[in-house]
Amino acid sequence: MRKSLVLTVVVLVLLAAYLWFKPQDTDTELQADREFQPDYIAEHVTLRIYDKDGYIANHVRASKLEHFEQLGFTQFNLPRYTLFNAEHQPAWEISSLHAVWFPEDKIILEQEVVLQNLLPGELVERIDTASLQLLLPEKKIQTHETVAIKGLGFNVKGIGLEARLSDKHLLLNRHLETIYHNEH
């Protein structure tokens, strides 16, 4: 009887020690799940970014924003970015279905990306593509996707684009087609 009591106590002590020191898998799973949960969500967002002189440099609107602190990015639904020129006038509006903004001011826009020139009489009026990288504050854009450029009296199709919107420099990586319109 005494042996069975000692054996039972030893088994209970070992079981308690095992449970005490057992790694907590559920904490790790919960932490991993928390990484994929946004730290905060905002709807119908408007964000204004000002330059060092106090002028508005960029304006962002989105139907929904989700910020992921541990992953280091912010996700937008239906974003519209308005970029301003050196004269502090709205120059370009860039829209898409989805976008991700990384801390180093790199924005990746995806699905139905449209760049609309807001200044009248400019050579390039509109650019359409599937995805695009926007680098702020330099206002550089780049894509490796197919692009369609609509301008005053012409349409251009190509693959890949690099542009500096601030100084109107545009480089088409591969030209596919140009159509000129004779409008009299």
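This is a walk through one protein structure, from its overall layout to a few of its individual residues.

The structure is a predicted model, in which local features need pLDDT of at least 70 and side-chain atom pairs count only at pLDDT 80 or more, while totals for chains, interfaces and linings use all residues. Residues are numbered from 1 along each chain as its sequence is written, and side-chain values use heavy atoms, with hydrogens and water left out.

Let us begin with the layout. The protein has 2 helices and 11 strands; helices (H or I, at least four residues) and strands (E, at least two) are DSSP runs, numbered from the N terminus. Of its 184 residues, 29% count as buried. Here buried stands for under 20% relative accessible area, exposed for over 50%, and partly exposed for what lies in between (1.4 Å probe, protein chains only). The accessible surface of the protein is about 12500 Å², and carbon and sulfur atoms hold 56% of that surface; such areas come from the Shrake-Rupley method with a 1.4 Å probe, and for residues only the protein chains shown count as cover. A contact means heavy atoms within 4.5 Å. Among contacts with a separation of 6 or more, 35% are between residues 24 or more positions apart.

Now step inside. A nonpolar core is a set of buried Ala, Val, Leu, Ile, Met, Phe, Trp, Tyr and Cys residues joined through side-chain atoms within 4.5 Å. The largest one here has 30 residues, and those with the most contacts inside it are Tyr81, Ile94, Leu109 and Leu115. Several strands give two or more residues to this core, among them strand 4 (80-84), strand 5 (90-95), strand 7 (106-117) and strand 8 (124-135).

Next, see how some of the strands are joined. Two strands pair if DSSP finds at least two bridges between them. Strand 7 and strand 8 are antiparallel partners over 9 bridges, and Leu115 has Ile127 of strand 8 as its bridge partner. The hairpin of these two strands has 6 residues between them, and Gly121 there takes a positive phi near 75°. Strand 8 also pairs with strand 9, again in the antiparallel sense, through 8 bridges. Asp128 stands opposite Ala148 of strand 9. In this second hairpin, 4 residues lie between the strands.

Two residues are worth a look for their backbone angles. Most residues other than glycine have a negative phi. Lys139, in the loop between strand 8 and strand 9, has a positive phi near 60° although not a glycine. Lys139 is also buried, with a relative accessible area of 14%. Glu112 has a positive phi too, of about 55°, but lies in strand 7 and is exposed at 58% relative accessibility.

Charged side chains come next. A salt bridge is a side-chain nitrogen of Lys or Arg within 4 Å of a carboxyl oxygen of Asp or Glu, and by this rule the count is 8. One of them brings Glu125 and Lys150 together at 3.1 Å, N to O. That pair links distant parts of the chain, with Glu125 in strand 8 and Lys150 in strand 9, 25 residues apart. Glu125 is partly exposed at 24% relative accessibility, and Lys150 is partly exposed at 42%. Another joins Lys52 to Asp53 at 3.8 Å, N to O; Lys52 is exposed at 78%, and Asp53 is exposed at 53%. Arg164 and Asp167 form a further salt bridge, with their closest N and O atoms 3.1 Å apart. Arg61, Arg80 and Glu93, in turn, are linked in a network of salt bridges.

The tour ends with the aromatic rings. Rings of Phe, Tyr and Trp (its six-membered ring) pair if their centres lie within 6.5 Å; planes under 30 degrees apart count as stacked, over 60 as edge-to-face and the rest as tilted. The structure holds 5 aromatic pairs, and ring pairs link Phe68, Phe73 and Phe102 into a cluster.
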